[in-house]
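Take them one at a time, with the view open beside you.

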Amino acid sequence: MSFIGYKAQTTKVTGKHIAIVLQEDMEMLDEVVVIGYGTVKKSDLTGSVSSISQKNIKDQPMTRLDQALSGRIPGVVVITNSGAPEQSTQIRIRGANSIYGGNSPLYIVDGVPNTDLFNNLAPNDIQSIEVLKDASATAIYGSRGANGVILVTTKRGAEGKTNIHMETEQSISTIAKKLDLLSASEYAEFYNEYRREKGATQDFFSQDEITQWKKNGGTDWQDLMFRTAHTQNYKLSISGGIPKLQYLVSMNMMDIEGILKESKSQKFSLRSNITADITNWLKMNLDVNAVRRKTNKNGPRGGVGTIIADAITYSPTLKLKDEEGNWLRDNINSTKDNPYGRLTQDLDESFTNYLAANLQFMVQLPVKGLSMNFQGAAHYKDYKNRWMKSNANDLRAQNNSANNNQNDSFDWYNVNQINYVREWKDHKLNLMGAMELSQSTTTGLSNEVANLRTESVEFWNLSLGNMNLFSNSFSRSSLVSFMGRAMYQFKDRYLLTATIRRDGSSKFQGKNKWGNFPSVAVAWRMSEESFIKNLNIFDVLKLRMSWGNTGNQAIGAYSTLGLLAESKYGWGGTSDYPGYGVSGPATPNLTWEKTTQYDLGLDMAFANNRILANIDVYQKNTTGLLLKKPIPYYDGGGTTWVNLGEVKNRGLEFSLTGIPIQSKNLVWESTFNVSYSKNEVVSLGDETRLHPGTKLDQASLNTAVLQVGKPLGSIYGYIWEGLWRTDEADEAAKWGQKPGDNKFKEKNVNYKLESDDADIIGQAFPDVILGWSNTIKWKNLDFNLFFQGSLGADRLNLSRYLTNEGISDSRFITSKEGYYNRWTPENQNTKIPNPFSSTINSRFETAQYLEKADYLRLKNVSIAYTIPRAKTKFADVRISLSAQNLFTITSYTGYDPEGTMDITSNGGNSDINAGVDGGSYPLPRTFTLGLGFSF
């Protein structure tokens with residue numbers, strides 16, 4: 001018996017049933033990997049490509065495909081900003097290149113570029129994932145390849161009898177960590193003390209109330225807001241085929257509860273593919289994917305003024321409602337409306353209907369080695385979001401409001417490709433040429449009203465309110481491309497790959513519509529040389545070098561056109577009159593961002609291929625950045641798009657896979673990867689520092705900064721030097737302060753803290769990421785242990801600031817740290833200022849609340865046992881038990897070191913406005929029981 005990638009075995013049949021366990025043959029495992037517009041044997045790669053197969057992730061329960069990438073591929077940073085059900089992650093391949101042009105990779109599913117298709121795929125439908133990292137691998141995608149490319153190959157049917165696989169996963173999730181907040185009795189005693197220090201002659205809380213809280217407790221807002229959540233995941237696939245027709249149909253149903261009450265996601269997906277040999281020279285693939293998703297209160301729930309941040313600052317002495325059933329608002333601490341009331345009474349639901357179809361014809365021409373490929377795809381997405389902010393039972397201080405929002409998108413894609421493959425003597429040649437067309441159209445409609453006369457109809461009759469906002473939108477962009485690639489081998493030792501792509505984008509004007517993106521890569525399979533073979537060390541030794549250009553055109557469809565926007569002016573009267581003004585001047589000279597990348601790699605294998613190692617070093621230079629430049633007010637104000645500045649990324653990647661134990665019944669495979677990256681803003685034109693967007697409400701200056709010589713995602717703030725000590729009273733007095741108050745570093749000594757005193761204090765993105773996976777197979781038992789880590793990132797912990805200092809929207813202290821570790825003459829080595837002082841000079845955007853976000857996390861641990869059909873008499877049965885995020889080793893004091901708040905609406909992208917944790921939605925700790933049947 002044999003199978004691709006496994007050792008052939010011969011077994012004597014001694015009974016009616018036999019069980020055969022195949023063992024991996026690393027010498028034969030030279031698998032085919034997917035590259036742009038084709039496939040190639042892994043040994044023939046000249047570029048930097050990493051792969052994940054279904055076997056790497058089969059026992060890790062996942063609800064989204066991007067979860068498979070976290071920690072498993074060197075050079076790929078996956079940041080999970082939120083633990084909400086099915087919330088997307090932030091993926092960066094070899095760092096961020098662009099300031100405003102977008103840094104997400106290009107997603108390709110079965111040859112079709114589409115992010116929505118990637119986001120809507122069920123993880124159990126995946127056969128393999130390839131990540132293209134260097135320019136020689138990504139340049140074939142031209143203007144969309146600058147941020148790397150993720151290629152997904154889905155499962156297909158195979159010739160043979162019908163296979164049916166059924167599986168269910170039942171998961172329980174809890175909050176992994178709660179913040180250490182004051183109990184009601186501690187809070188009451190502290191507040192009474194605070195009032196006495198401020199001169200009050202009577203306590204706010206009586207001793208009887210405090211005694212009752214000590215006995216019965218008060219309101220634990222974290223317990224109220226969070227819950228133990230249940231997730232159900234059901235999977236079914238049917239596949240099979242005859243020699244000329246193969247098929248696969250799969251279905252996935254998920255019902256995911258979030259650990260934050262009321263948050264939920266429900267998803268149903270149906271996918272089918274057919275492969276047909278129509279004639280001996282014509283083959284067809286047809287894929288159809290349909291998805292229906294509903295989410296409830298699943299948007300960004302962490303950040304300034306949102307539910308989680310408000311809950312941790314609400315007084316634990318406060319009841320939920322008064323005697324008349326009205327929601328109570330905090331009269332001591334938070335100025336916000338009741339967070340639990342908003343969580344349970346507000347409505348917020350979204351529906352997504354998604355349909356994708358992909359048709360491919362492969363033609364084998366009469367000329368030997370010559371073939372053609374025609375592929376067409378279409379995608380439709382209908383997205384609806386509806387919400388209502390209730391004012392029932394006096395929930396809000398302001399009027400209620402409601403919104404209906406709908407967005408539709410339709411994308412189509414076509415590629416026409418010709419291939420020529422020839423081998424003669426010591427030579428191998430593979431040529432490819434193609435023309436590609438694509439178009440994307442989106443429409444939007446939004447209605448918002450305030451002061452609904454009744455909430456009984458929720459958001460279904462907006463005419464019952466006063467029109468607050470109405471908007472609609474239309475956008476269409478197109479891309480046409482021509483490309484070619486040549487791959488050449490000589491004596492299976494010397495390899496050359498050269499590509500060229502020419503893209504034309506409707507987003508640019510005139511001659512700037514077109515961009516050219518070449519690349520070249522060479523590889524030397526040194527292990528085929530006699531002088532290397534004679535060393536008897538290497539099974540594989542291959543040196544790779546590459547250079548290439550890629551581009552970025554990720555701007556709005558009409559960004560280079562001169563556009564008008566409505567504006568109103570009163571002309572000195574009481575009524576406003578509408579008019580139109582320039583919202584952005586035309587920028588006909590705007591063109592592509594261009595990224596030039598250099599890569600040097602080494603692939604090695606030892607000990608009969610039981611040890612595999614890969615090393616890559618790279619540098620990426622992105623020039624002509626798509627940047628929004630402010631226009632002076634005397635010139636009309638606003639911003640205009642320009643090509644300005646340069647960003648550089650450098651890094652080192654290393655991966656090591658080994659099989660320490662390989663015997664008849666026991667196999668242990670271990671894979672470790674680590675990568676280092678360094679990002680730097682090299683130039684901003686005539687500027688050395690820019691502050692994109694606007695500052696956060698809680699900050700006195702903008703924490704987002706672009707500064708020459710510093711990385712994207714730098715954090716800007718004041719340099720905190722501790723708290724004034726008792727022996728520094730005279731110096732503190734020069735600032736109008738006292739011992740126990742905050743002390744800051746000045747650049748220009750005038751005893752005032754000014755914006756000029758601020759500087760770079762941290763960075764949002766890690767320098768080092770790592771992953772370590774161990775898989776042990778003993779007979780029919782599988783065990784997996786997967787660790788993920790991150791080093792070098794910082795977080796401004798806004799939730800710590802809000803709970804530790806009585807400021808702004810949070811007027812008192814709710815954390816135990818703020819109470820028990822506050823400054824006193826006896827406790828001067830602390831970060832928490834004297835809460836009784838009126839001259840503290842509190843600042844959020846300082847190193848005082850900047851924390852290291854380094855962590856090592858047990859991402860997944862699983863154990864599974866397979867009962868073969870020979871024993872059950874009806875099917876192979878697989879039972880699995882797993883845990884995700886079982887523990888995290890970190891010094892970070894917030895909910896999660898990965899968590900950041902959604903502040904992209906402040907005028908920048910997530911790579912600039914990063915590194916602030918405002919009480920983010922925590923990642924859950926999840927336990928999953930799985931049961932699968934293969935018939």
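1. A definition first: two strands count as paired if DSSP finds at least two bridges between them. With that in hand, and remembering that this is a predicted model, look for the open sheet of 5 strands, which runs in the order E3-E8-E9-E6-E7 with mixed pairing. Strand E3 (49-53) and strand E7 (112-113) are its edge strands, each pairing on one side only.

2. Inside that sheet, strand E6 (residues 106-109) and strand E9 (residues 149-154) are joined by 4 bridges in the parallel sense. As background, strands of a sheet pair through backbone hydrogen bonds, either parallel or antiparallel.

3. Next, the aromatic rings: the structure holds 34 aromatic pairs. Take Phe190 and Tyr819, whose ring centres are 4.4 Å apart; their planes meet at 25°, under the 30 degrees cut-off, so the pair is stacked. This pair links distant parts of the chain, with Phe190 in helix H4 (residues 184-197) and Tyr819 in helix H12 (residues 816-820), 629 residues apart.

4. Are these two residues buried or exposed? Phe190 has a relative accessible area of 0%, so Phe190 is buried. Tyr819 is at 13% relative accessibility and therefore counts as buried too.

5. Helix H4 also carries Tyr191, which forms an edge-to-face pair with Phe205, at 6.2 Å centre to centre and 65° between the planes. Phe205 lies in the loop between H4 and helix H5 (207-216), 14 residues from Tyr191. Both Tyr191 and Phe205 are buried. Ring pairs link these residues into a cluster whose members include Phe190, Tyr191, Phe205, Trp213, Tyr819 and Phe836.

6. Lys321 lies over the face of Trp327, at 4.5 Å from the ring centre. Likewise, the charged end of Arg422 sits over the ring of Trp424, 4.7 Å from its centre.

7. Finally, turn to the surface, where a nonpolar patch has about 800 Å² of accessible area together. Among its residues are Ile242, Leu286, Leu359, Tyr380 and Trp412. Strand E14 (282-296), strand E15 (347-364) and strand E17 (401-424) each give two or more residues to the patch. Leu359 is in strand E15, and at 32% relative accessibility Leu359 counts as partly exposed, because that class lies between 20% and 50%.

Notes:
Residues numbered from 1 in each chain as written. Predicted model: local features only at pLDDT ≥ 70, side-chain atom pairs only at ≥ 80, totals over all residues. Heavy atoms only, no water. Patch = residues over 30% accessible without salt bridge, like charges linked within 9 Å, V, L, I, M, F, W, Y side chains within 5 Å. Areas by Shrake-Rupley, 256 points an atom, 1.4 Å probe, with all protein chains shown as cover. Salt bridge = Lys/Arg side-chain N within 4 Å of Asp/Glu carboxyl O. Buried < 20%, exposed > 50% of the residue type's maximum accessible area, 1.4 Å probe, protein only. Phe/Tyr/Trp six-rings, centres within 6.5 Å; stacked < 30°, edge-to-face > 60°. Lys NZ or Arg CZ within 6 Å of the ring centre and 35° of its normal.
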